[in-house]
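Then let's walk through it together, one piece at a time.

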Amino acid sequence: MVSQVSNHPAGILGGGGAALYVLFIGLPVLALLVRAAQQSDFLDAVTSDAALTALRLSLLTSIISMAVVVLLGTPFAYLLARNDRLWARVVDSLVELPLVLPPVVAGVAMLMAFGRNGLIGSELESIGLTIPFTTTAVVFAQIFVASPFFIRSAKLGFQSVAKDYEDIAQTLGVSPWRTFFRITLPLAAPAMFTGLGLAWARALSEFGATMMFAGNLTGETQTMPLAIMSAMETSLDGALALSVILLAGSILGLVLLGLLTRRRWQGRL
Amino acid sequence: MKPQTAESAASGWVECRVGDFHLETSWEIQPGQVLVLFGPSGAGKSTTLRAIAGLLRPVRGRVELGGRVVYDGDAGIWVPTHGRRLGYLTQQYHLFPHLKVAENIAFGLKDSRSPAGRARVLELTSLFQLDGLEDRFPWELSGGQQQRVALARALASEPAMLLLDEPFASLDAELRRTLRRELRSMLAQSPVPVMLVTHDREEALALGDSVQVINEGRTLVTGEPLDVLGQPGQGRVARLVGVENLFDLTVQERNPRDGTMTCVGPGLRLEVPLDSHIPQNGTPEGGQDRVTVGIRASDIILAKEDLSGSSARNRLPGQVISVESRPPGYAVTLDCGQPMRCHITGAALEEMGIRVGQRLWAVFKASSCFLVDEDRV
């Protein structure tokens, strides 16, 4: 097998591509770590107030947005997976819009909808709701850009569970609700975790839409990526420290994702 | 352990529409009896099962099982699938891949963790010879074991009816026979009405108490397996159940005294039973009436010489044109003016040294021939 692939022209090209790719991705990551390690006050920078505040806000907002995405996105994804009517297919392609829309545009668009002079902004204000430039806006921005990653993946997960499993479960006297929680959900779980991991990463790294719609207020809307940009203007050390924290978080997330999505029954559906 | 409802018959009729496909069928099955739905794929067999299970909503109809009506279109009664108490087996079994054998079997039990629930699982694992496999996952089992787990799971909650959708189709012939026997003895122990879908004649004969042949959403005939599948009287049924030899012949002479008639066709001359039951279609008395004659391949004896001293009315010389393996035996095709298929055992094949080109005699009684009515529906 191995020799067959390495003798193949694609094998040589592929090998070269792989080496280039590893360099291309690895070098900047390595550089970041080396530079951060060279800072004498690296630990201070990591545990500085500004860094911790931004980290706390990033975690809080992303957890809230992920909770919303999972709670509302799961039944939605299930509906899309089991329905092939026209409206479902239209909605299905709408789900992909945020993936191709530049985040900055998403931010402007949300401002036009929920902003003070936005389409429904004044109505929201009259009932005492102000969204733009608040922590809520950060969550809105994250949900907007990150939800498709979860919904798409969850939909594929549900589609991989043959409807026959659900049918059989019901003939065994188990209600549709219990069937969903005992059969469908566990079987779709790996795909859902994958989607959640991707969505979370996207939410944590959200920059453009947040910038436009939520602003850059320390402690209120300044998440990690925004804090890194702000720090770059004053001290490279602070920016490096924040970057390393995000990098560590990403790697940890990747490992967790690998563990959460592994199943003994993989490929047996 | 046995619920009182287990003694109830299952009956009903449904009319279903799935896209362009239209199905109309009815059934009545006594406890412990097996009704075989026989027909080609796309005939509406699985649709019937799904309608009974409530996985598909019929246009009209009435479904009664376990002594209660679970669907009545006119009365507006609709019990959802999970309230119908059914055992439903599919060809791929659909064992839940994330659950172990014991968990699969216990899936439908309301009290799977109680002592009674555990006892029930234990009872089923030993009944289906699954001891020691409780902690395996479905993919760690052989095909036959998977089939047993699926059956155990279906029976765990004591269903009022069993729906079996080609449950043996993906197993080899040997295992099929074993599992068929097991299913038979299991049914003797817990008598529930069973509806079995198959397109395997042998299976229908081995398991069926009655056979219903359906095609294109219509029931063509219902009856005893041997009558329906052995000597089917209708042309379409004969083709569907795979009668190996069908000949279009012309009646030459009727011999009412013997109860036979002589029929001829290109290169063929047969003695067949008299067609007293046929002329309902306005066939004229005497004259050149055409008939279709069926002969089962297993009813034909092959001989090396003419058995002139025998009682068999039909003795046709012919040349072997092909010999095919047809487990557990062989199918020999003889050119007796028209090709004639005969089924023989491997031992017979070896003993007689049958090979292509050899000259043999096909011998069969007049009563092995049956008339097939081409026009009746």
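## Starting from one residue

B:Gln147 is buried, because 25 other C-beta atoms sit within 10 Å of its own (buried means 20 or more such atoms within 10 Å, exposed means 12 or fewer, partly exposed is in between, and C-beta atoms are placed from the backbone). Before we go on, some ground rules: this is a predicted model, in which local features need pLDDT of at least 70 and side-chain atom pairs count only at pLDDT 80 or more, while totals for chains, interfaces and linings use all residues. Residues are numbered from 1 along each chain as its sequence is written, and chains are lettered from A and ligands numbered from 1 in the order in which they are written.

Back to our residue: B:Gln147 belongs to helix H4 (residues 143–156) of chain B. Helices here are DSSP runs of H or I with at least four residues, strands are runs of E with at least two, and both are numbered from the N terminus. Which residues does B:Gln147 touch, leaving aside its neighbours within four places in sequence? They are B:Tyr93, B:Pro167, B:Leu171 and B:Leu179, where a contact means that the C-beta atoms, placed from the backbone, lie within 7 Å. B:Ser114, on the other hand, is 33 residues from B:Gln147 in sequence and 26 Å away in space, C-alpha to C-alpha.

B:Tyr93 has a positive phi of about 65° although it isn't a glycine. You'll find B:Tyr93 in the loop between strand S7 (86–89) and helix H2 (101–106) of chain B. B:Tyr93 is buried, since it has 22 other C-beta atoms within 10 Å.

B:Gln129 also has a positive phi, near 55°, and is a residue other than glycine. B:Gln129 lies in the loop between helix H3 (115–127) and H4 of chain B. Buried or partly exposed: which is B:Gln129? B:Gln129 counts as partly exposed, because it has 13 C-beta neighbours inside 10 Å.

## Over to chain A

Chain A has 14 helices and zero strands. Its C-alpha atoms fill a box of roughly 70 × 65 × 30 Å, taken along the principal axes. Of its 269 residues, 36% count as buried. Among contacts in chain A between residues at least 6 apart in sequence, 76% join residues at least 24 apart.

How do you describe two packed helices? You give the angle between their axes and the distance between the axes. The axes are lines fitted to C-alpha atoms, for helices over the stretch in contact, and the angles run from 0 to 180 degrees between N-to-C directions. Here are two pairs:

| Helix pair | Axes come within | Crossing angle |
|---|---|---|
| H9(A) (135–160) and H11(A) | 7 Å | roughly 160° |
| H11(A) and H14(A) (236–260) | 9 Å | roughly 170° |

By class, the residues in the contact of H9(A) with H11(A) are 15 nonpolar, eight polar and two charged. For these classes, Ala, Val, Leu, Ile, Met, Phe, Trp, Tyr, Cys and Pro are nonpolar, Asp, Glu, Lys and Arg are charged, and the others, Gly among them, are polar.

H11(A) and H14(A) are therefore roughly antiparallel to each other too. In this pair, the residues from H11(A) include A:Phe193, A:Gly197 and A:Trp200, and those from H14(A) include A:Gly249, A:Ser250 and A:Leu257. Their contact has six nonpolar, five polar and no charged residues.

Helix H13 (residues 224–234) of chain A has buried residues as well, among them A:Met224, A:Leu226 and A:Ile228. The buried residues of H13(A) pack against helix H4 (49–82), H11, helix H12 (208–213) and H14 of chain A.

## Where the chains meet

How many residues does each chain bring to the contact? 18 residues of chain A are in contact with 18 residues of chain B. On the side of chain A, the elements that give two or more residues are helix H10 (163–171) and helix H11 (176–204). H10(A) gives the most, with seven residues. That side of chain A divides into ten nonpolar, four polar and four charged residues.

Methods: Two residues are in contact if their C-beta atoms, placed from the backbone, lie within 7 Å. Angles under 35 degrees count as roughly parallel, over 145 as roughly antiparallel, 65 to 115 as roughly perpendicular and the rest as oblique.
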